[in-house]
Amino acid sequence: MNTILQLSGYLKPHLWRATGAVILAVGTILTGVGLLASSGYLISAAALQPPILDLMVVIVAVRFFGISRAVIRYSERLLSHDVTFRLLMHLRSRFFYLVRSLPASKLSGYRSGSLLSSITTDVDELQNYYIRVFIPVITAFLASAAAVIFLYGYSPAAALITLLLLLVNGFGVPVIVRRLSRGLGNRQITLRSKVHQLFVEQSQGMAEIRLFGLQDRKYLYTRRLNKEIARLERRQSRITGLQDTLFYLFMYTAVVMALLTTVPLILEGDLSGVFLALVLLSIMASFESVQNLGTAFQYLESSEKAADHIQNLEDQQESTKGQSVRMSTTGDDLQIALGSGNDIVFSDVVFGYEQEPVLDGFSAVFKSGEHTAVTGPTGCGKSTLVHLLLKFYQPDKGAIHIGNHNLADIDDEELRSNISVVDQYTYIFNDTLRNNLKIASPVADDSELIQSLENVNLQHWYHKLPQGLDTVIGEHGKTMSGGERQRLALARGLLKNTGLWILDEPTANLDTITEKELTGTIRNQTQASTVLWITHRLIDMDQFDQILVMQQGQVTERGTHHTLSDRDGWYAAMVGLQNDLLPYSGNQSME
Amino acid sequence: MTEYNRNHKRLFRFALTVRASWLIIGILSLLSAGSIIVLMYGLSTAVDRVFMQKISLSDSTSVLLVIISAMMIRSMLFWFTEVTGQRAASTLKERLRNRLFRRIQQLGPAWAERQSSGELSTTASGGIDKLNAYYAKFLPSAIQMAVVPAVLALFVLWLDWLSGLILIITGPLIPVFMSLIGMRAQTQTQKQWKTLRYLSSHFLDTVQGLRTLKIFNRTRDKQREVELISNRFRKTTMGVLKIAFLSGLILELFASIATALVAVQIGVRLIEGYIGFQAGLFILLLAPEYYLPFRSFGAQHHSGMEATEAAGRLFEILDTPHANQASRVTATVVAPEPPYGLRFENVGFTYTGNTSPALEHCTFTIEPGHITAMVGRSGSGKSTVTRLISRQILPDSGQITVNGISWDMLDETQWLEQIAIVNQHVWLFDDTILANIRAAGHNAPFEKVVDAAKRAEAHDFISQMPNGYQTGVGEMGARLSGGERQRIALARAFLRDAPLVILDEPSSALDPESEQKISKAIHRLLQTPRTVLIIAHRLSTVREADRILVMKEGSVTCEGTHNDLVRTDNLYREMVEPFNTGIR
């Protein structure tokens with residue numbers, strides 16, 4: 001019930017249209033009642049063979065109901081869909097607002113993908129709420145009430161029976177059927193996900209399945225699961241099949257009971273017999289009002305879940321509101337801070353995403369204008385440095401300073417507008433090349449955009465595009481190769497024009513040759529800037545002013561390529577391994 | 001449109017494999033039509049008796065009994081129809097799922113690799129479930145639409161030809177108009193398809209790119225864009241819906257106007273005494289029932305269309321031709337005895353869909369009991385060679401022999417049991433670590449598994465996991481590093497103790513620690529004499545190999561030891577020239 005109120009809150013701006021749609025929906029059902037009722041009356045009255053003129057009004061009524069029902073229904077469907085799409089816009093806008101105000105920590109890391117895509121499913125789910133739950137439920141109440149009141153004027157007993165059975169059909173039957181079949185439905189969901197998993201395994205692990213001779217075993221297992229799913233589906237249909245059966249059974253019961261209770265009224269002269277057919281036909285037509293409630297309950301459940309998620313986001317938004325206000329450092333100060341020879345200093349930083357510390361007393365100085373490489377084994381905390389520098393997270397202990405400014409005091413947006421980041425997860429929007437670049441600098445004109453593409457050696461690629469800057473660059477950039485995507489990311493960074501570059505394994509998914517070329521381009525373009533380059537592969541390491549080796553959240557080696565190569569440590573061992581690699585080796589290109 | 005029709009035909013033809021179910025639904029529909037007639041006859045008679053003849057109902061118990069039994073039968077028929085429809089649908093889906101699974105197995109790893117696995121499994125599970133609507137709802141409602149109105153119309157025609165005529169003329173026009181409008185709507189949608197797709201995916205796109213937007217401080221601008229695009233989406237979609245909903249309008253219009261027409265026309269003739277009251281009411285009661293099947297068909301039409309679209313991909317997979325091994329294997333001889341020597345003679349292979357061959361006139365020998373290394377740039381055909389050896393694909397031309405025995409004569413299952421493959425892309429089954437290693441040697445006792453893991457240097461990291469060997473890889477799978485996966489693969493190789501080992505070295509350096517462990521384990525594996533083929537990425541490996549094969553553009557251009565090749569082969573020298581890390 002809470003959910004219904006909360007969700008209906010989103011309808012407020014569209015109240016007039018929503019009301020209109022409900023009125024039309026009620027109108028559709030009532031004209032249906034009207035059509036059958038007037039037809040029944042017409043035939044009964046005509047049977048008494050009055051002059052035809054006496055029946056003209058009824059005949060007009062029958063025709064009116066006949067034509068208007070179709071038109072009203074058509075308008076209702078259009079209007080209610082229109083409201084739904086308006087609501088969708090509202091929901092999307094609201095959701096987007098909530099998500100963008102989330103602390104950045106919620107958006108990074110491996111869970112963010114599922115969080116974000118679940119948000120879009122939630123929005124889709126909620127738009128159903130209006131058209132499948134809200135309108136049908138309100139309409140059912142109003143139309144039933146109107147029909148029952150209408151009937152009451154002729155036969156109170158028949159009206160009350162109809163009311164009772166409308167309630168049974170509208171609420172009792174769907175609730176019971178859903179309750180009875182839920183267990184079976186849940187078991188099917190479990191089995192289906194198992195089968196899904198088997199198909200995934202089949203397509204990805206087929207080499208192993210064949211090598212170990214598991215084909216038949218896997219097939220038999222899948223067959224068994226499929227058989228069980230089919231068995232459960234059949235069992236479930238024996239319950240869900242009751243829905244329609246009971247609906248019609250109760251509808252006809254209402255008709256028969258109405259017949260039994262109305263006949264005495266007629267025989268005793270309290271009601272003219274002319275109205276008997278009218279009463280029975282109106283009852284049949286009135287049951288249309290509760291026919292769609294079965295699906296309404298189904299959608300209500302999923303809407304409730306989606307509504308819970310949105311409520312969760314609302315709550316988080318409440319709780320983070322207070323935090324982001326007390327920033328003292330203005331943008332100008334920061335630009336000066338980053339531009340005028342101020343170093344970035346990590347002092348004894350301790351940080352963990354959960355309990356385990358990822359950075360455990362990390363101290364380092366990144367000198368202004370210098371290029372620093374950070375390397376170390378997987379999971380040593382390299383990428384965490386980036387998260388902290390971008391203020392996606394706050395250190396648990398210790399502090400990070402840029403010049404005299406504590407990072408904690410710098411406004412998030414100001415900070416980020418002064419840092420260029422290229423990592424391995426470059427996101428290309430399903431949009432034109434121009435818009436994909438302009439994200440970095442909305443004021444840049446076309447010549448600047450093209451210049452940036454030339455700087456990152458994308459000019460050949462660019463000249464082949466059919467519509468130049470207006471080319472939509474594919475579904476999430478699928479038309480681009482890995483190297484081209486990373487170059488685009490680099491172009492974005494150049495357009496942003498900042499003094500500090502963070503490069504978080506920008507070549508991680510590229511083959512060796514592309515990697516070498518891209519590395520060269522990045523070096524050329526970032527020469528004059530402060531660079532923090534996180535890397536696993538040790539290429540051209542003598543180009544760095546400083547190299548840090550991180551192990552278990554701490555700096556274990558510090559120096560230049562030459563000093564570290566001579567020392568018997570992780571770095572020297574890694575260089576040895578790298579030298580043992582055949583030059584053509586490297587990550588297999590995905591292109 | 002043609003593809004849609006073809007899918008539709010396929011779906012329908014497949015439905016015919018459970019003919020009995022559709023026949024039962026047809027019979028149920030006939031019974032349903034009969035019960036409707038009896039029920040409405042009863043009701044009209046009861047009203048006639050009370051209204052026209054002023055007879056109390058207590059004198060017409062038989063009429064009441066007829067009404068009550070007819071309504072019970074009619075209600076119960078809904079249940080039987082739904083259960084029968086679902087029964088058929090479940091059977092068909094079960095068969096399809098099984099067939100699809102087998103078909104993917106037959107198409108083999110080389111095919112599966114080129115599919116997007118997410119899309120493939122979604123087709124298999126989600127796609128097939130979409131067919132439920134087609135078989136369980138759409139087809140039954142189509143049968144009902146064909147049977148019930150026909151019976152009712154003929155009956156009314158017999159009762160009163162004028163009313164019957166109205167029904168017979170209006171009824172069939174409904175599906176005709178609906179499909180005409182449906183086609184209009186379809187073309188309209190296709191015209192707008194690109195716009196619609198762009199508009200509807202915009203929100204997801206924006207939300208997924210949020211991290212990027214945040215780094216560039218662009219979330220505020222996008223907020224407005226989200227609203228604008230949503231608004232455009234609404235306008236465009238409403239334009240399409242205005243036409244699509246016309247089919248509903250037509251249905252309603254025909255049904256209501258025809259009902260009104262029946263009522264008015266009967267009313268007028270009643271006044272003039274051309275028809276009796278009971279008959280008139282009877283026909284009036286039958287009119288809405290006549291249009292009901294059209295309505296429920298209209299309601300199912302959309303899900304039927306959706307299913308037909310989903311079926312396209314499904315049939316595409318089922319129709320993909322596969323090179324069936326059985327057809328090429330003429331006879332099976334006894335498996336050759338290890339150690340194995342392999343010979344490729346003029347082998348050629350081209351992947352389906354590719355124009356240039358992956359292997360061409362490829363000739364070389366892998367000596368029994370020796371370590372052979374294979375080097376070559378990516379795309380030179382190295383992995384095609386390993387695929388051929390593990391029979392994931394069969395050569396288009398040329399000969400492969402094992403100890404002089406032709407490739408075609410080998411029993412595939414027996415041959416595969418002789419091979420172990422080690423690489424860091426091993427597939428881990430959604431099971432425990434124990435089961436994953438044990439897959440390589442069915443029913444191996446626990447001690448043997450642990451022993452294999454120890455020799456593969458995997459025991460230590462497995463023991464550190466929360467449940468040791470019983471840890472499910474589902475919980476940990478995503479977090480196993482490349483080096484750990486490599487060691488699981490090694491453990492499998494040790495357990496299998498295969499006479500032929502194919503080793504795919506990691507192409508980039510792992511951490512010094514895991515590199516050291518892996519090379520220790522590999523040396524241990526090579527101590528026992530076996531035939532070994534290494535896809536080499538390490539200088540130290542090629543130095544130690546007995547023989548080296550140099551691959552270029554699909555064939556072996558040169559073979560020899562490291563020292564020979566460095567002296568004689570330019571290509572080889574170029575490929576192994578020191579990498580000089582860090583020094584330009």
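**Close-up views of a predicted two-chain model**

**View 1. The turn end of the chain B sheet.** B:Val402 stands opposite B:Ile405, a residue of strand 5 of chain B. Strand 4 of chain B (residues 397-402) and strand 5 of chain B are joined by 2 bridges and run antiparallel. Two strands count as paired if DSSP finds at least two bridges between them. Helices (H or I, at least four residues) and strands (E, at least two) are DSSP runs, numbered from the N terminus. The model is predicted: local features need pLDDT of at least 70, side-chain atom pairs count only at pLDDT 80 or more, and totals for chains, interfaces and linings use all residues. Residues are numbered from 1 along each chain as its sequence is written, chains are lettered from A and ligands numbered from 1 in the order in which they are written, and side-chain values use heavy atoms, without hydrogens or water.

**View 2. The open sheet of chain B.** In chain B, 4 strands form an open sheet with antiparallel pairing, in the order 2-1-4-5. Strands of a sheet pair through backbone hydrogen bonds, either parallel or antiparallel.

**View 3. A:His401 and its partners in chain A.** Strand 1 (residues 344-351) and strand 4 (residues 397-402) of chain A run antiparallel, joined by 5 bridges. Here A:Val345 stands opposite A:His401 of strand 4. A:His401 also has a bridge partner in strand 5 of chain A, namely A:Asn406. Strand 4 of chain A and strand 5 (residues 405-406) of chain A are antiparallel too, with 2 bridges. These two strands form a hairpin with 2 residues between them. In the turn, A:Gly403 has a positive phi of about 60°.

**View 4. Domain 2 of chain A against domain 3 of chain A.** Chain A is divided into domain 1 (1-133 + 307-315), domain 2 (328-417 + 501-507 + 530-582) and domain 3 (419-497). The bounds come from an automatic or database domain assignment. The centres of domains 2 and 3 of chain A, taken over C-alpha atoms, are 27 Å apart. Contact (heavy atoms within 4.5 Å) links 11 residues of domain 2 of chain A with 11 residues of domain 3 of chain A. These domains bury about 980 Å² between them, 63% of it from carbon and sulfur atoms. Buried area is the accessible area (1.4 Å probe) that two parts lose on being put together, summed over both. A:Trp501, A:Ile502 and A:Pro506 supply 49% of what domain 2 of chain A buries here, more than any other three residues.

View 5. A salt bridge needs a side-chain nitrogen of Lys or Arg within 4 Å of a carboxyl oxygen of Asp or Glu. Strand 7 (500-504) and helix 12 (412-416) of chain A are the elements that give two or more residues to the domain 2 side. Strand 7 of chain A gives the most, with 4 residues.

**View 6. The interface of chain A and chain B.** 155 residues of chain A are in contact with 155 residues of chain B. The buried area is about 14,300 Å², with 66% from carbon and sulfur atoms. The rule finds 9 salt bridges between the chains. B:Lys93 and A:Glu233 meet in a salt bridge at 2.6 Å, N to O. Helix 7 (residues 215-267) of chain A gives the largest share of the chain A side, 31 residues.
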